[in-house]
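Work through the exercises below with the sequence and the coordinates side by side.

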Amino acid sequence: MAIESLKYASPDTETKIEAKVFPRPSQYTTGLVDWLTTIDHKKIGLMYGMAALFFLLVGGIEALLIRSQLWSHNMEVLTNREYNQMFTMHGTTMVFLVIMPLSAAFFNYLMPLQIGARDVAFPRMNALSLWCFVSGGIILNLSWFFTGGSPAIGWFGYAPLTDTRFAEVLGDMGPDFWIFSLQMLGLASLLASFNFITTIINMRAPGMTMMRMPVFTWMTLIVSFLIILAFPAITIALVELMFDRTYGTNFYDFLEGGKPHLWQHLFWIFGHPEVYILILPAMGIVSEVIPVFSRKPLFGYGLVIFSGAIIGFMGFAVWSHHMFTTGMGVVATSAFSILTMLIAIPTGVKIFNWIGTMWGGRIRFDTPMLFALGFITMFMIGGFTGIMHSSVPIDAQHQDSYFVVAHFHYVLIGGALFGLFCGFYFWLPKMTGRMLNEKLGKFVFTLMFIGFNLTFFPMHYLGMIGQPRRTHSYNEGHGFETWNQIATIGSFILGIGIAIGVYQFVSAFFNKRLKPAGKNPWDARTLEWTLSSPVKEYNFARNPIIKARDQAWENNYGPKENHSQKEPLDDHGVHMPDRSWYPLLTAVGLFVMVIGMLFHASIDASGELVRNYTVAVAGGVVSTIGIIMWSLEGPAGYHLFPKEKEE
Amino acid sequence: MSDAAAHALDHHEPVTSTGIPNKKVLMWAFLGSDCMFFGTLISTHLIYRKISATVGGNFLDIRDVFDIELTSFSTFILLASSLFMALAVSAIHKGNLNSTRWMLFGTIIFGAIFLACQVYEFTHFVYAPGNELTLSSYRGEPHVFGSTFYVLTGTHGTHVAIGVFWLIGWLVYSFTGKMSTADAMDVECCGLYWHFVDIVWIIIFPVVYLMEYAF
């Protein structure tokens, strides 16, 4: 039926569809304008990834400064305030500007290829999401240059640290930059997630039923739902905080009736699903990689997906385990404790499924597989300490100690970052058309694995003997020095490993001496591996008709009836949408609006507070114009006539 | 209709896996997300509603401030606007442009009346003698009720205002001569949004206003 309706009623030889009102940049656009106006999900994914890798280096340098400060007792590498700024910026950068956008990069690039679509459902909205993310990153880091420098409130921004009256520096703007950049980044995530949900639900190729979708695509869907349901909580919490700071409301102002505790609840209602937003994409990547390098189908495909969904669902019911020491009462505390223990079950199911996949397989230890194995082992350590924290009395001991730092770095570096690096080593041949250097890849893995464990394993012990986290320095005589020095050495090894890895990823796009990858260098299983590397701009010359799960594998090794087919060619070619300036214009408008809001208030000569919204309104007008032009420019587009073998 | 235009329409409404148009799926996902926005705001209001009442020894009887007759009227107006919206969607599906215009116009006017009532209400609450419920205080004493009340109902008002501008966009577009049944799905999405904003008010009105008279 789908095949029938794709045939057009009458032949049309025009290759250019007329724009509704305004022309869009043409198909022949190249260079910078091409990148600024592109709506191709692959280019957007690459830009997401490259920006996130840049911020990874920025956040990494902040981490190394923190580690240098803790090298020995009473060090003065950073002042108190600089130290607070460093851990705030490190946390915020790594969560919102690195792990999330790196996941978004993979979602963007791979998900449409995995379901047999030519693009996401709303390509221009995808571009808007990218530019909002970039603006958010710029706004956060602009804070360094204005009153008070960058925020010194922790990535959690607990009230009353954010109260203007308690600011260390008069007129501190750091928290304002933090609020507005998180709003922009939230907008970027929401837009992307609406898009991904629509794409996965609606744009699957014929025959691509939900239970034939690759696990990575499933995780994209689950994470997108988590984002659209979790981000509103932080958005509203930040709106309330903005009102508190700017217009004197009393939401979190305990001197005037507000409750700082409410901030913690709202933050963690978002914050705990956020943990799964960070880890599920990496789990999706690993679920793709392990079957390929074990040469076996994923063990318990349905269970892996179902436990992912359960993790996502239960992720909304465990947020208060971040707040056991706030005195919520016995009933609430016990309930959240039990639910936290329960969430270990679906997580454990996944780990056993990965082990089951490898069991009896012919395992190849290429770099992606090494990172996948690193992911499983390191994530398990982080998971075990997580289960320890679900016990309330133990949690009370660990609260705000280095043990917690060890725990979540095992989850977020050993888990999420290893998973994402695994994804880079696995899919970069598809993205660049070139094989990465295996020896260098294994060297990077070795450095990262050793450096990571040297840095974070001692922190378990440091936490147990009492070193508090988020504390600028420690005195002599606690016995903290040795382990801190080991951790600092480890952190530099880890940093060098990551830097070489990033260099390797970026250079793969330019280094012409690398071996060509071909369509399917790993003998991999999912649909994207049936396409050429790098993937052509139209993805599929003809729409595929899916016959089985693991379609690329079935095409090579499966019975005849499982081979995918192609929809018949029609004489119209592939319809490609034109590029557009308006996503960028809309994002620039929003950026100006945020800057206008940040600087709208000033004190005049007579000491009166003056509010001037000119710039903010101008920004709002620009983005409104962007949206109006966007809706008027119409579908437009052009047609390509690819040959079958050019796919 | 030229071939090119027919072709463009083809691409406008591509075949989807579920048979539901992409824009509608997007709108439903957005509304699901928007539920959480309002859920957070309403929870904040409910949490603070009684707890804050004794700050400064100044018990707040918000009934002294509320003008329940006016709010009931504006609630009725907003609900009635949903009827116009539904009729506008029905009219554009049938290709009746004239009727669509009038129904859009009716929705806009009723939406605008609701907004005008809200502007009057806010001004009256803040400035009328004896009321003085501001963002941060009540009769000069620090208070949270004003914070949660204005931010919650203000966010809802912003939603209504965006809806009104969206509808005005459609009304203007209907005079360009380009509007046809092909736009019905887009108008329907606008309608989904409008009805959602109404439903949110159906929750806010009892929870924020009526409940003050019951509990």
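**Exercise 1. Determine how far helix α8 of chain A is covered, and describe its geometry.**

Step 1. Of the 35 residues of α8(A), 32 are buried, so the helix is mostly covered; a residue counts as buried if 20 or more other C-beta atoms lie within 10 Å of its own, as exposed if 12 or fewer do, and as partly exposed in between, with C-beta atoms placed from the backbone. Helices (H or I, at least four residues) and strands (E, at least two) are DSSP runs, numbered from the N terminus.

Step 2. The model is a predicted one, in which local features need a pLDDT of at least 70 and side-chain atom pairs count only at pLDDT 80 or more, while totals for chains, interfaces and linings use all residues. Residues are numbered from 1 along each chain as its sequence is written, and chains are lettered from A and ligands numbered from 1 in the order in which they are written.

Step 3. Helix α8 of chain A covers residues 260–294 and reaches 51 Å from its first C-alpha to its last, close to the 51 Å expected at 1.5 Å a residue, where the expected span is 1.5 Å times one less than the number of residues.

Step 4. A kink of about 30° is centred on A:Trp268, the bend at a residue being the angle between axes fitted to the seven residues ending there and the seven starting there. After the helix comes A:Arg295, with a positive phi near 55°.

**Exercise 2. Locate the cis peptide bonds at A:Pro160 and A:Pro534.**

Step 1. The bond from A:Ala159 to A:Pro160 is cis, with omega near 0°, and A:Pro160 lies in the loop between α5 (123–142) and α6 (174–202) of chain A.

Step 2. The bond joining A:Ser533 and A:Pro534 is cis with omega about -10°, and A:Pro534 sits in the loop between α16 (481–508) and β1 (544–545) of chain A.

**Exercise 3. Characterise chain B and its confidence.**

Step 1. Chain B has six helices and two strands, in the order α-α-α-α-β-β-α-α from the N terminus, and buried residues make up 37% of its 215 residues.

Step 2. B:Glu132, in the loop between α4 (97–127) and β1 (137–138) of chain B, has a positive phi of about 50° although it is not a glycine.

Step 3. The average pLDDT (the predictor's confidence in each residue, from 0 to 100) of chain B is 89, and 89% of the residues score at least 70. Over residues 1–12 of chain B, however, the pLDDT is below 50. Where pLDDT is low, the predicted coordinates should not be read in detail.

Technical notes: Contact = placed C-beta atoms within 7 Å.
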